[in-house]
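Dear colleague,

I am handing over the structure below, followed by notes on what was found in it. Please read the notes alongside the coordinates.

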Amino acid sequence: SFRVARARPSRNASSICSMSSATDPWAARERSRMDLGQQYFLAAHRDVQEDKRQAANKALLDAVRADSMGPFYERLCTEFGWKRDEKLAEELQKKNKAEQEELERKVDDAQENFGETEVRETLLAVAEFFVRIGDKDRAETAYRVTAEKTIAGGQKLDIALALIRVGFFFDDDDLVRRNIEKAKALCEEGGDWERRNRLKVYEALQQMKMREFFKAAELLLSVTATFSCFELLDFESYARYVVVLSMVSLDRLALKEKVVDNADLRTLMMDVPHMNEFLRALYDCTYESFMSEFAYVLDFVRFDRFLAAHYRHYYREMRIVVYSQFLAPYRSVTLTAMANAFRVTEEFMDRELSEFIALDRLSCKIDKVAGLIETTRPDSKNAHYQATIKKGDALLNRIQRLSAHCTR
């Protein structure tokens with residue numbers, strides 16, 4: 001019988017690092033669909049290199065043939081302007097129709113001759129069939145029909161997670177948001193530990209798309225020792241996201257505690273090119289290495305479907321992070337010294353710093369005559385005092401306007 005999800009024994013990261021995440025056939029199949037979603041994204045990306053676009057198109061067409069994805073093929077032809085292969089389209093349509101009719105017969109048989117459990121299982125099979133062939137609208141409908149026949153909270157949560165995966169594949173943010181809210185409500189009613197853990201990863205991906213990098217990092221870091229959401233991410237992808245998100249959102253102390261000194265993450269990152277080097281370069285203040293690895297990380301961010309929309313934001317914020325860290329120990333430093341540390345020209349560094357100073361993102365000023373960068377960090381107590389005064393003045397002004405309005 002078909003099942004949306006299967007319970008897996010919980011394991012700590014140190015024990016599961018030695019085994020392949022593909023050992024669970026269900027998780028491997030679902031993750032291959034997530035990987036196909038990445039190819040779908042690359043095929044539509046306007047800046048992707050032509051050879052990568054062609055590779056993505058081939059992967060999509062191979063998947064269409066392998067899984068008889070008739071509706072998805074029609075979508076691809078419409079979106080990408082592919083020349084429609086009439087023979088292939090007709091073949092896919094026949095296969096889909098025959099399989100759908102067989103599933104509908106099983107549903108009718110279960111409704112007439114079996115109990116509620118069997119009916120629910122056959123309805124789930126119909127929903128998964130529509131997911132497999134890429135028919136988003138009918139997949140949503142089928143899952144909702146199945147949910148109406150479902151009593152157990154855990155099984156309802158599985159359906160919500162399945163709909164979130166559909167939303168991820170088709171980039172339907174509203175579908176993802178609604179079902180994450182539903183899944184969180186179901187967890188409050190008594191979801192088990194394993195499903196709660198997996199939901200954190202689903203929510204983290206949603207938060208990434210919303211540019212809530214700190215919250216996404218916190219969610220991913222909270223499941224490091226017990227990661228089991230293999231239907232969405234393998235270990236390498238998980239470690240890559242943790243590094244990318246943590247470095248831009250955590251302060252230095254939190255980064256050391258939660259990432260740099262995390263034994264589980266260190267084990268995972270051994271097989272992830274550039275990410276460990278990027279992390280260590282920032283933490284160890286080896287800025288030349290940081291700039292070198294930064295190029296690889298930016299390439300990943302630019303062409304990742306969850307992060308691509310925030311490419312420019314990430315590029316800007318990481319530069320602010322690393323420049324702020326460099327300037328932190330100094331009251332003043334020469335422009336030449338800073339440019340040499342990053343292996344860039346003085347002109348480039350001057351333009352970079354001037355941009356962020358003008359945006360009030362770096363607490364420093366440049367003395368062009370002396371060739372110095374002087375830090376202007378305000379005293380924290382004084383800054384807090386000034387902020388309190390401003391808030392107090394604003395509150396008094398509001399009270400006065402309200403009083404004047406009431407006395408009229």
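**Aromatic pairs and helix packing**

A search of the whole structure finds 26 aromatic pairs, where rings of Phe, Tyr and Trp (its six-membered ring) pair if their centres lie within 6.5 Å. One aromatic cluster is formed by Tyr40, Phe72, Phe80, Trp82, Phe169 and Phe170.

Before going further, please note that this is a predicted model, in which local features need pLDDT of at least 70 and side-chain atom pairs count only at pLDDT 80 or more, while totals for chains, interfaces and linings use all residues. Residues are numbered from 1 along each chain as its sequence is written, and side-chain values use heavy atoms, with hydrogens and water left out.

Helix α16 (residues 287–302) and helix α17 have axes that come within 10 Å and cross at roughly 165°; axes are lines fitted to C-alpha atoms, for helices over the stretch in contact, and angles run from 0 to 180 degrees between N-to-C directions. Helices are DSSP runs (H or I, at least four residues), numbered from the N terminus. That angle makes α16 roughly antiparallel to α17, a term for angles over 145 degrees, with under 35 counted as roughly parallel, 65 to 115 as roughly perpendicular and the rest as oblique. In the contact (heavy atoms within 4.5 Å), Tyr287, Phe290, Phe294, Val297, Leu298, Val301 and Arg302 of α16 meet residues of α17, among them Tyr311, Tyr314, Met318 and Phe326. The residues of this contact of α16 with α17 divide into 12 nonpolar, one polar and two charged, where Ala, Val, Leu, Ile, Met, Phe, Trp, Tyr, Cys and Pro count as nonpolar, Asp, Glu, Lys and Arg as charged, and the others, Gly among them, as polar.

Helix α12 (residues 235–249) packs against α17 (residues 311–327) at an angle of about 55°, with their axes 9 Å apart, and is therefore oblique to α17. Val244, Met247 and Val248 of α12 make the contact with Tyr314, Glu317, Met318 and Val321 of α17, a set that divides into six nonpolar, no polar and one charged.

Finally, most residues other than glycine have a negative phi. Aspartate 171, however, has a positive phi of about 55° and is found in the loop between α8 (153–169) and α9 (173–188).

Conventions:
Helix = DSSP H or I, 4+ residues; strand = E, 2+ residues; numbered from the N terminus. Phe/Tyr/Trp six-rings, centres within 6.5 Å; stacked < 30°, edge-to-face > 60°.
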